[in-house]
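Hi,

Here is the structure I promised to pass on. Have a look at it first, and my notes follow below.

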Amino acid sequence: MSVKVARDLEDALGALAADPETVLLAGGTDLMVEINFGRHRPASIVAIDQVDELRGIERNGHVRVGAGVTYTRLLAEDTASRAMREASRTVGSPQIRNAGTIGGNIATSSPAGDALPVLAALDATIVVRSVRGERRVPFAEWMTGPKRNVRAPDEVVVAAEWEPAGGAQTFMKVGTRNAMVIAVASLALVVDRARARVGVALGSCGPTILRAREAEAFAQGIFEELGWDRRTRPDESACRTFGTLVAGAARPIDDVRGTAAYRRHVLAVMGARALARVGGLE
Amino acid sequence: MSGDALTALRLRVNGVERQTAVPDHESLLTTLRERLGLPGSKNACEQGECGSCSVLLDGELVCSCLVLSAAAQDREVVTVEALGEGDTLHPVQRAFVDAGAVQCGFCTPGLIVSAYALLRANPEPSQLEVREALSGNLCRCTGYGKILEAVQRASREMYRR
């Protein structure tokens, strides 16, 4: 096993090009657990937590968040996404939020990654780079299965990008505590009033992050009718129907954190609440 | 672990430059406890769940079990041993004693470091802010009531009001 601390991105890309088996270490909140328990002993590790090029948050029209940005910073700094801030606050604990990065969530691609439903609902773009060049992947095409994605072995996730979608968005998550919880089920809802677009995405309810397309179309219809620019709460029955459609998009399983039936139930509840909440937001 | 190469490691720990050699898979927690003579940070879950190993790394509160030592070259570490001087306790430590916030004591160093990090950034935290700040530290004895009280006590003591 060898460990190298990358000074800059070029350094990291060079190491990956030379040995595509190299494992990248960012906040360590996933990889170090594997190493501590002896489940994974990578022959070669490159630490990228000191790479400044991965730590920027840029806002000029669109938003670009470097892969090395921690959840503590996503909470404190403006990324034009209320849902991302809400999701970040539910990640682990202060210790975990100080270490864990959005790029780690993206590269690990756990269906329970808290930032991922938000990225999906925002229609974010994942930016990856290798010595061969840069590639931009729509989030909808990023994950291919649990902890699987289209990143090539020599690529580094460098950033996530999204368009500011206004304030009508939220993130919800169910677990056994407010802190230190891996989602039993989670949901992100974005109502982009300016672009007349609704995004709904589910976490921990299938092999990948799932978009609830029927629920999106249904909500789209409601806002067409109520007016996209008005802060109007869809009525209770519309919220309930929306929740049912959200739950219908899930492909959950029974596992140690909850049953499939429970996940469908909480998705229906969260969906209804999310639409009611977001309807009143600008 | 056999087959692991040793990496020369230089760290600044509690204000002092320290040098040692570490196996490539070793966590900062193990390095602190077993190579640098600093057993204050406790080893329990080794997965970032319990907070017993909390330290400040370049000023930020982290679980030292989730830091790879060989990747922490030249970083600055502050452990619970840096709080207090000799027999004189730090106000956070004093408050834990006075409030009766210590039972078995295993989680205490981690909680002290987390509380210290909180009070440094937020001198007058609300009860909810204290709860959120300590949410990554587990205690299986106290039920947390006395711990929350200790942090409020330390806040009053440190900032005299």
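Let me start with a glycine in chain A. Setting aside the neighbours within four places in sequence, G258(A) is in contact with V184(A) and R263(A). Before I go on, please keep in mind that this is a predicted model. You'll find G258(A) in the loop between α9 (236-248) and α10 (260-279) of chain A. Is G258(A) buried or exposed? G258(A) has 21 C-beta neighbours inside 10 Å, so it counts as buried; the cut-off for that is 20 or more.

α9(A) and α10(A) pack with their axes 7 Å apart, at an angle of about 135 degrees. That angle makes α9(A) oblique to α10(A), and the crossing is right-handed. On the α9(A) side, the residues that meet α10(A) are C239(A), R240(A), F242(A), G243(A), T244(A), V246(A) and A247(A). Their partners in α10(A) include R264(A), L267(A), A268(A) and L275(A). By type, the residues of this contact divide into 10 nonpolar, three polar and two charged.

Leaving out neighbours within four places in sequence, A188(A) is in contact with A83(A), A87(A), P117(A), V118(A), A120(A), A121(A), F171(A) and A201(A).

K147(A) has 15 C-beta neighbours inside 10 Å, so it counts as partly exposed. Beyond the neighbours within four places in sequence, K147(A) is in contact with T108(A), S109(A) and S110(A). From K147(A) to G100(A) it is 47 residues in sequence and 16 Å in space, C-alpha to C-alpha.

On to chain B, which has a helix pair of its own. Helix α3 (residues 108-121) and helix α5 (residues 145-159) of chain B pack at an angle of about 45 degrees, and their axes are 11 Å apart. So α3(B) is oblique to α5(B), and the crossing of the two is right-handed. Here L111(B), A115(B) and L119(B) from α3(B) meet I147(B), V151(B), A154(B), S155(B) and M158(B) from α5(B). The contact is made of seven nonpolar residues, one polar and no charged.

Also in chain B, helix α1 (residues 28-35) has L28(B), L29(B), T30(B), T31(B) and L32(B) buried. β2 (16-23) of chain B is part of what covers the buried residues of α1(B). After α1(B) comes G37(B), with a positive phi, near 65 degrees.

Last, where the chains meet. How many residues does each chain bring to the contact? Chain A gives 22 residues and chain B gives 26 residues. On the chain A side, β1 (2-5), α2 (31-36) and α5 (94-99) each supply at least two residues. α5(A) gives the most to that side, with five residues. The chain A residues that touch chain B divide into 13 nonpolar, eight polar and one charged.

Cheers

How values were computed: Residues are numbered from 1 along each chain as its sequence is written. Chains are lettered from A and ligands numbered from 1 in the order in which they are written. This is a predicted model: local features need pLDDT of at least 70, side-chain atom pairs count only at pLDDT 80 or more; totals for chains, interfaces and linings use all residues. Two residues are in contact if their C-beta atoms, placed from the backbone, lie within 7 Å. Helices (H or I, at least four residues) and strands (E, at least two) are DSSP runs, numbered from the N terminus. Ala, Val, Leu, Ile, Met, Phe, Trp, Tyr, Cys and Pro count as nonpolar, Asp, Glu, Lys and Arg as charged, and the others, Gly among them, as polar. Axes are lines fitted to C-alpha atoms, for helices over the stretch in contact, and angles run from 0 to 180 degrees between N-to-C directions. Angles under 35 degrees count as roughly parallel, over 145 as roughly antiparallel, 65 to 115 as roughly perpendicular and the rest as oblique. A crossing is left-handed if the near helix is turned anticlockwise from the far one by less than a right angle, and right-handed if clockwise. A residue is buried if 20 or more other C-beta atoms lie within 10 Å of its own, exposed if 12 or fewer, and partly exposed in between; C-beta atoms are placed from the backbone.
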